[in-house]
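The following note sets out points for a colleague who is about to inspect the model.

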Amino acid sequence: MTTAPQKLPLSVCVIASNEADRIRRCLDSVKDLASEIVLVHNDCTDGTEAIARDEYGATLYEEPWHGHRDQKAIALSKATLPWVLCIDSDEVVSEKLAASIRAFVEADDPAFNGAYFPRKVWFLGRWITHGDWYPDHSLRLFRNGKGRWTGSREHDKIELDGQARKLDGDLLHFSFRDLNHQASKIAYFGDIFAERKAAKTKHWHTFPVIFRSFWRFFRAYFIRRGFLDGFPGFYIAFFQAFATFYRYSKIYEAKFVRAQEPPHE
């Protein structure tokens, strides 16, 4: 007879919108760790929230969409237990990471208020373990009240009071359903980037934009050895370079194009 693992004094905070095809994989990975699952959802039409509530006992909060950072902050504010783990609905805690989280929380070492760990992306049929996408260390586990969501709307992060410890094991990230899904995000994040940067940009020059884009490819593919991930590694490096070029071109558009009326013929 096997005994069910004891749950930790841990709240798992998740945000979701129409993630019925992925939410089970996410919550399956934390159901034996978490005493509380908090789900903040918006605009769901596929039953995501019902799956979380009925199959995993999640506490639900419906909110309009406030952007990634602020939506996660709302979820964090609902956590009631001493420790908090924040993950996205397209992320999965690996078995090795789950064991590390259990050991870390049970040890309750007062020297550490949080923990970080690598995040590994599944892309084009393989795990990406080089380049700009790995290890992508992410601080997501912390004592309740000692961490907060900060950063920009497109690049949010946890700011921690005190020291953090590195844990073994990967947070698995199933970010993109396919290439169309991945490509669709470039415009969304480009708009947010341009909105944030355009007002602060006084001068725009072509060469720095080209150089910055080239550098992103060189760093990802050669210095961070993206070539070891085969064609997906090349695609990611190339896409990162283009995404950089696109984002800075959006600043050009915001500052110099939209305000101009076409000349009369």
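1. Asparagine 113 and its surroundings. Beyond its neighbours within four places in sequence, asparagine 113 is in contact with Trp83, Leu141, Phe142, Arg143, Lys146, Leu160, Asp161, Gly162 and Gln163. The structure discussed here is a predicted model. Asparagine 113 lies in the loop between H4 and S6. Its side chain reaches the backbone oxygen of aspartate 161 at 2.7 Å. Is asparagine 113 buried or exposed? With a relative accessible area of 14%, asparagine 113 counts as buried, because the cut-off for that class is under 20%.

2. Histidine 41. This residue is found in strand S2. Histidine 41 has a relative accessible area of 6% and is therefore buried under the cut-off of 20%. Leaving aside neighbours within four places in sequence, histidine 41 has contacts with Ala16, Leu60 and Tyr61, and also with Glu49, Glu62 and Glu63.

3. The largest nonpolar core. In soluble globular proteins, nonpolar side chains tend to be buried together. Here, the largest nonpolar core has 32 residues, of which Leu27, Leu85, Ile101 and Leu141 touch the most other members. At least two residues of this core come from each of the following: strand S1 (8-16), helix H1 (23-28), strand S2 (34-41), helix H2 (48-56), strand S4 (83-86), helix H4 (95-107) and strand S6 (114-117).

4. Which residues does isoleucine 101 contact, leaving aside its neighbours within four places in sequence? They are Leu8, Leu33, Leu85, Val93, Leu141 and Leu167.

5. The largest cavity. Rolling a probe the size of a water molecule over the atoms shows where empty space is left. The structure holds two cavities of 30 Å³ or more, and the largest cavity has a volume of about 50 Å³. Its lining consists of Cys13, Val14, Ile15, Lys72, Ala75, Cys86, Ile87, Asp88, Arg140 and Trp149. S1 and helix H3 (68-77) are the elements that give two or more residues to this lining; the largest share, three residues, comes from S1. By class, the lining of the largest cavity has seven nonpolar, no polar and three charged residues.

6. The second largest cavity. About 40 Å³ is the volume of the second largest cavity. Ile128, His130, Gly131, Asp132, Ala220, Gly226, Asp229, Gly233, Ile236 and Ala237 form its lining. Which element gives the most to this lining? H7 does, with three residues. The lining of the second largest cavity divides into four nonpolar, four polar and two charged residues.

7. The second largest pocket. This pocket holds about 190 Å³ of space. Lining it are Lys197, Lys200, Thr201, His203, Trp204, His205, Pro208, Val209, Arg212, Tyr248 and Ile251. Helix H6 (206-223) and helix H7 (230-257) each supply at least two residues of the pocket lining, and H6 provides the largest share, three residues. The lining of the second largest pocket comprises five nonpolar, three polar and three charged residues.

Note on methods:
Residues numbered from 1 in each chain as written. Predicted model: local features only at pLDDT ≥ 70, side-chain atom pairs only at ≥ 80, totals over all residues. Heavy atoms only, no water. Core = buried A, V, L, I, M, F, W, Y, C linked by side-chain atoms within 4.5 Å. Buried < 20%, exposed > 50% of the residue type's maximum accessible area, 1.4 Å probe, protein only. Helix = DSSP H or I, 4+ residues; strand = E, 2+ residues; numbered from the N terminus. Contact = heavy atoms within 4.5 Å. 1 Å grid on protein atoms, 1.4 Å probe; cavity = no way out; pocket = protein on both sides within 12 Å on 5 of 7 lines; lining within 4 Å. Points joined across faces, edges and corners; volume = space filled by probe spheres on them. Nonpolar A, V, L, I, M, F, W, Y, C, P; charged D, E, K, R; others polar. Polar contact = N/O pair within 3.5 Å; in protein donor to acceptor, adjacent residues only side chain to side chain.
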